[in-house]
Amino acid sequence: MNLFTAEGISKAFNEKPLFSKIDISLSEGQKMALIAANGSGKTTLMKIIAGKEVADEGIVSFRKDLRVGYLEQDPQFPPTASVMDCIFEPGHPVLHAIGEYEQIINSGEEIDPGKLQIAMDAIDSLNGWDYEARAAEVLGKLGIHQLDKETKLMSGGQKKRMALARLLIDDHDVLLLDEPTNHLDLDMIEWLEQYIKRLNKSIILISHDRYFLDNVCNVIVEIDDSNVYTYNGNYAYYMEKKDEREEQTKSTVDKARNLYKRELEWMRRQPKARTTKSKSRQDSFYDTEKVAKGKRADDKLQMTMQMNRLGSKILELENVCKSYDGKVLLKDFSYTFIKGEKIGIIGRNGAGKSTLLNMIMELAKPDKGRVKTGETVVFGYYSQQGMNLPEDKRVIDVAKDIAEYVETGNGNYIGVSQFLNHFLFTGAKQHVYVSKLSGGEKKRLYLMTILLKNPNFLILDEPTNDLDIVTLNILEEFLEGYKGCLLMVTHDRYFMDRLVDHVFVFDGDGEIKDIHGNYTEYRSIIEETPLKKSDRKPTLPAATVVEAPTKKKVKLSFKEQKELESLEQEIALLEKKKEMLLNKMNTALPVDEIQKCSIDFQDTEKKLDAKSMRWLELSERD
């Protein structure tokens with residue numbers, strides 16, 4: 001069933017078209033991702049869908065009586081309003097009753113039994129305990145506890161989590177989520193991933209988190225050069241089909257370029273020589289010229305930079321300790337960095353990750369211990385608080401203030417304009433004023449100003465926030481070839497998996513563990529390693545820490561053995577059907593046929609999951 005349709009949507013800013021006459025539709029049960037480069041209008045399109053902005057032309061329509069929830073990229077709240085007032089809106093009786101209950105049990109004061117009973121009776125009368133369970137889970141997992149705190153005292157990240165909590169607790173039919181994983185730590189992201197995955201809602205989201213997209217979404221919509229490409233599958237499927245499309249485009253462009261060369265010779269002849277030629281051939285020439293001058297998938301510069309020489313002594317931390325407001329962030333941490341290593345930093349928000357980076361950069365002092373930096377070290381520090389670009393300058397001038405030329409890894413020099421071009425500031429974009437750039441484009445430019453200084457020790461604090469997937473791929477390729485030291489805090493699991501050799505894990509009690517391997521390998525280690533008694537949290541129920549007595553393995557009955565054999569055949573057929581439906585949905589079909597296939601695909605996926613779980617249960621006893 002179709003829930004939402006956008007037809008012929010166009011939008012331009014300052015006469016620059018963001019997108020033109022695009023069509024998008026959302027069916028029941030679909031979880032759709034919008035993918036495009038920064039500045040292409042993803043957030044603007046989302047605002048148009050949400051009714052926060054008006055398209056220059058086109059129609060947006062939702063099915064009647066749908067409740068649509070919208071998570072903005074930068075949510076705003078009244079400064080004197082409390083967290084409870086913002087999450088549990090007074091106009092919603094169930095949410096208000098739950099808010100009163102949550103305030104009583106989370107106040108930190110002795111609970112008044114009379115007030116508690118009144119709050120519980122109010123929830124009972126509204127059949128609101130499902131809301132209460134959802135609210136408790138969402139608030140707890142997103143780390144929202146101080147419900148009486150005023151929003152003016154909250155950071156941008158806390159406000160984003162508060163807006164996300166409000167959206168997940170309320171009962172919407174369609175969710176529009178703009179960068180929902182921003183400002184979440186890794187545990188929160190993984191919880192949100194599973195929560196949305198099991199949520200029986202239709203969703204349109206914007207995210208640069210590729211693991212999140214792969215695990216959550218079943219439709220990918222890409223906006224590229226004002227064209228819209230729809231892929232009915234997850235992110236991995238999209239990448240496979242996008243590669244096929246780009247290979248085909250490359251072949252088409254190559255053929256057009258060869259034809260263009262021949263036709264150009266004819267067009268350059270004297271007009272007299274062309275008078276007998278057909279008008280259609282001239283028209284065809286201009287069509288060929290347009291294709292020939294189009295982008296090819298491999299029309300990009302592969303580049304590394306020549307960094308400043310790095311000596312044998314790089315950076316040493318000796319028994320570093322740091323506390324804030326009585327909370328221990330680092331306790332006797334020592335480490336000696338070696339040339340070329342790439343380290344990721346993992347830990348909950350507030351665990352001390354950014355504090356460590358600030359101490360290395362001498363922006364904060366340790367309470368005890370020493371931080372010793374080698375004489376040849378040239379730091380490049382990307383921090384969320386450090387972005388201070390001149391709004392009244394053009395992009396090219398900001399870059400030229402740092403360097404006119406850049407030395408590449410092979411000893412050659414390129415102009416700073418070519419360097420910017422590599423990071424997607426192409427052509428006219430280099431002459432745009434900084435004030436006209438999108439948020440993601442400003443962060444990309446800020447990153448460029450750091451790289452232009454040729455640092456041999458890069459420190460990156462959340463470099464992936466607000467960067468589009470295209471930019472992330474380019475940055476990853478650049479950092480893979482980077483010969484200096486790299487130390488980074490990021491919540492992007494894919495980014496970390498691709499780049500780091502080992503990870504520093506902040507446990508929240510001042511201890512830092514050094515785990516060799518990337519993020520996925522770290523997760524595998526902690527899932528396979530049983531918890532020591534001292535590591536177990538006292539809040540865990542006893543059932544999770546007391547081993548059940550070993551039961552004798554029960555053999556399968558004859559009936560169950562037959563069921564197991566039957567399941568293997570059924571699963572194989574369902575997998576073939578799923579693949580067939582995916583292929584069918586990626587062909588040109590009428591809208592009603594696509595909707596029918598989509599419903600059939602979801603039903604097949606559910607059956608496959610159920611039968612796979614039953615097969616797993618039986619096979620473990622076989």
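This text walks through a predicted model, starting with a sheet and moving on to packed helices. Residues are numbered from 1 along each chain as its sequence is written, and side-chain values use heavy atoms, with hydrogens and water left out. Because the model is predicted, local features need pLDDT of at least 70, side-chain atom pairs count only at pLDDT 80 or more, and totals for chains, interfaces and linings use all residues.

Three strands form an open sheet in the order 2-1-4, with antiparallel pairing. Strands are DSSP runs of E with at least two residues, and helices are runs of H or I with at least four; both are numbered from the N terminus. Two strands pair if DSSP finds at least two bridges between them. Strand 2 (16–27) and strand 4 (57–62) stand at the edges. Each has a single partner strand, so one side of each has no neighbour in the sheet. On average, neighbouring strands are turned by 15° against each other, direction ignored.

Now look at the pairs. Eight bridges join strand 1 to strand 2. Here Ala 12 stands opposite Pro 17 of strand 2. The hairpin of these strands has two residues between them, and Asn 14 takes a positive phi near 50°. Thr 5 has Ser 61 of strand 4 as its bridge partner, and Ser 10 stands opposite Glu 57 in strand 4.

Next come the helices. Two packed helices are described by the angle and the distance between their axes. Axes are lines fitted to C-alpha atoms, for helices over the stretch in contact, and angles run from 0 to 180 degrees between N-to-C directions.

Helix 5 (residues 129–141) and helix 6 (residues 156–169) pack at about 155°, with axes 9 Å apart. That makes helix 5 roughly antiparallel to helix 6 (over 145 degrees). Tyr 131, Arg 134, Ala 135, Val 138 and Leu 139 of helix 5 meet Ala 165, Leu 168 and Ile 169 of helix 6 (contact means heavy atoms within 4.5 Å).

Helix 6 also meets helix 7 (residues 186–198): their axes come within 13 Å and cross at roughly 20°. These two helices are therefore roughly parallel (under 35 degrees). Arg 161, Leu 164 and Leu 168 in helix 6 touch Met 188, Trp 191, Leu 192 and Tyr 195 in helix 7.

Methods. Parallel < 35°, antiparallel > 145°, perpendicular 65-115°, else oblique.
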